[in-house]
Amino acid sequence: MNPAAVDSRILALAAQITESSDQDVPVLLLKLKEILNSTALGSKESKKIKQDLYYYDLVQYCMLVLKQDYSRLQGGWANAAQLAEILSQCCVGLEVKENPDEFYNKLLPSAVENLLFLGRRLQARFVRAIKDEEKTEFLRCFRTVTDAICWLFGGHIQLTECVLQSNHFLQLLITDDVETATAVMSVLQNILRVNSSVLLHVDEKILHSVLDELVYKLSSTTNPVTGNAATKLLLSVAESHPQLVELLSIRYKGLRILLSKQWTGKGFDRNLNQLLDLLYSKSYRKGEMQRLHQAASLIQAVWRGFQTRKRLKTLPKAVTALQRSFRAKREQALEQSKRQKDDEILRQQLQLQRQRAMRRFHEQQLTLLEIVHAGQVDRHIQETEGKAALTIQRHWRGYRARRNLHQQRQSFKQHKAAVIIQRAAHKFLNKCQRKRKALSPWKEPKELTSTQNLALQQKVDDYIRLHPASEMSEDMSKELHLQAQENLAQYLLRSSLDHRAEQRREALLAQVNTDVELLMTAPSLTEATEKDLDVFMSRSVPVACKARQSHNTMLKYARWPWWKKLGDEFMDDTIPDDVFNTEFGTLFIGGSKSS
């Protein structure tokens, strides 16, 4: 395009918009109204200006800025309404010769969507407005936008389908507000005036939604303005095509009664009577046949419904069971794959540790071969082989003993239960026998005669005379007492040291037994888990395991029933260990209590 042939105002405005911020663009685009009004509508100069505006992307700018929030911009929503009017004026009468698909298939449908979106914003603010001035201003802007939409699809008839298929248009129609609903219905009236067959080309769901909303407005309101607009609109729909009259008669059977009873004498009887005549003419022509057909269809539908419900009565249970089984199998498969992955990782770690241990073992063997004399190598190898054979035999015997113990565990339990029951029975029988002896009649001892008393007294006197008591002085008694106290203190000190040594020996023995037990019960590489790996990596874990096992044993014993604890009463009493842990501060040494 030759820049010399373009209007200088357009060039200046395009340059100014490219250099300005997004907030200033809407105000600058208002200058397009002056440029468009400077030429006569439909003239060659007007078409040339519109083409230049399109090629310099000013029309695209005008379409995009409609989505901005004008509550924070200069001029407010009044500027948005003016921009909507400018956009429709630029698009109507515009002839695009280069790449027309971009204009007709993309820009025009996007312009319709943006205008409808702007209309929804204005409608929402009009409903929320409280002051009369604000409501009047928003209503004026809303009507300006709806006029712009009508002007736009009036110049491009193919946009009527885009308007009806837009979700924004249906949302604009679904409102309880009288003013905005009347304006939207006027838009739909203009659509039918421009393209009367457009309702036959749109989706059936959209057509039903529009008709449902119009009938709902007639049934839910008593406002004559809304009723007049909805009646005119339904009359236009019915006059546009006979198929739509049949749809209204079949889909809305109570529409004729509703119109006759509720809207007669409201000031628009002419349009109402025309609509009723159309509905009656189509409904009574085939009324009897339709009634019979509907009756037959109803009977068939009831019978099919009964058969279907009878056949599908158990279907929900089967579907639920199938879904539950499918979810369980899927979760099981996921868990199994995760477990296999974890086992594989653990197996690799154990294999790596085994390889490292074997490498260290071979290194130690090489080191020993270097240290050991050549003449003692065979002896060393024989000793190593003997130890290995003993280890293998010990593990095999342990495995065989554990297997036999596992097999005989049930018989051991039965034998132990029988022994406990026998002990309880013996105890019960002994107790009954003791009670019988206690309840037997008491027999007084026989009194001794005087001769027997004299004989016993003579024996006592003879024993005292033959075994006289040794007399000891007080000093000797104190000295003997001190010696006894010293001996007792030495014994207690020695016994405490012996007890500590015994505890250390028992701890070492318990640690050795725990290590041997862990080695004997160690699982194979295929059965090893991460917990088994932690046991061999930490020295504190075996001790904790042994302590946990002892603690669990004591808890298990405490939870036994009374008949299991009866067997412990027949066991020999043992002296607790804390008796030997008595502190020296509580002993009486040297005739005084030391602290």
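This is a predicted model: local features need pLDDT of at least 70, side-chain atom pairs count only at pLDDT 80 or more; totals for chains, interfaces and linings use all residues.
## A tour of the model

Residues are numbered from 1 along each chain as its sequence is written, and side-chain values use heavy atoms, leaving out hydrogens and water.

**Overall view.** Switch to cartoon. The protein has 25 helices and two strands; these are DSSP runs (helices H or I, at least four residues; strands E, at least two), numbered from the N terminus. Now consider contacts (heavy atoms within 4.5 Å). Among those with a separation of 6 or more, 74% join residues 24 or more positions apart.

**Helix H8.** Select residues 132-155. These 24 residues should span 34 Å at 1.5 Å a residue, and the end C-alpha atoms are 35 Å apart, which agrees. The expected span is 1.5 Å times one less than the number of residues. Buried residues here include Phe138, Phe142, Ile149, Leu152 and Phe153. Next, show what covers them: H6, H7, helix H9 (159-165), helix H10 (167-173) and helix H11 (178-194) are among the elements.

**The core.** Select Leu53, Leu83, Leu87, Leu152 and Leu259. Within the largest nonpolar core, which has 99 residues, these five touch the most other members. A nonpolar core is a set of buried Ala, Val, Leu, Ile, Met, Phe, Trp, Tyr and Cys residues joined through side-chain atoms within 4.5 Å. In soluble globular proteins, nonpolar side chains tend to be buried together. Zoom in on Leu87. Leaving aside residues up to four places away in sequence, Leu87 touches Val59, Cys62, Met63, Leu66, Ala111 and Leu115.

**Salt bridges.** A salt bridge puts a side-chain nitrogen of Lys or Arg within 4 Å of a carboxyl oxygen of Asp or Glu. By this rule there are 10 salt bridges. Select Asp69 and Arg125: their side chains form one, 3.8 Å from N to O. Asp69 sits in the loop between helix H5 (58-64) and helix H6 (77-91) and Arg125 in helix H7 (residues 100-128), so the pair ties together parts 56 residues apart in sequence. Asp69 is partly exposed, at 32% relative accessibility.

Move to Arg339 and Glu335. Their closest N and O atoms are 3.3 Å apart. Both lie in helix H19 (residues 315-371), four residues apart, about one helical turn. Arg339 is partly exposed at 42%, and Glu335 is partly exposed at 48%.

Then pick Glu502 and Arg505, bridged at 2.4 Å. They are three residues apart in helix H22 (residues 474-520).

**Aromatic pairs.** Finish with the rings. There are three aromatic pairs (Phe, Tyr and Trp rings, Trp by its six-membered ring, with centres within 6.5 Å; planes under 30 degrees apart are stacked, over 60 edge-to-face, the rest tilted). Trp303 and Phe306 have ring centres 5.8 Å apart and planes at 35 degrees, so the pair is tilted. Trp303 is exposed at 51%, whereas Phe306 is partly exposed at 42%. Last stop: Trp396 and Tyr399, also tilted, at 5.7 Å centre to centre and 40 degrees between the planes. Both lie in helix H20 (residues 377-438).

Note on methods: Buried means under 20% relative accessible area, exposed over 50%, partly exposed in between (1.4 Å probe, protein chains only).
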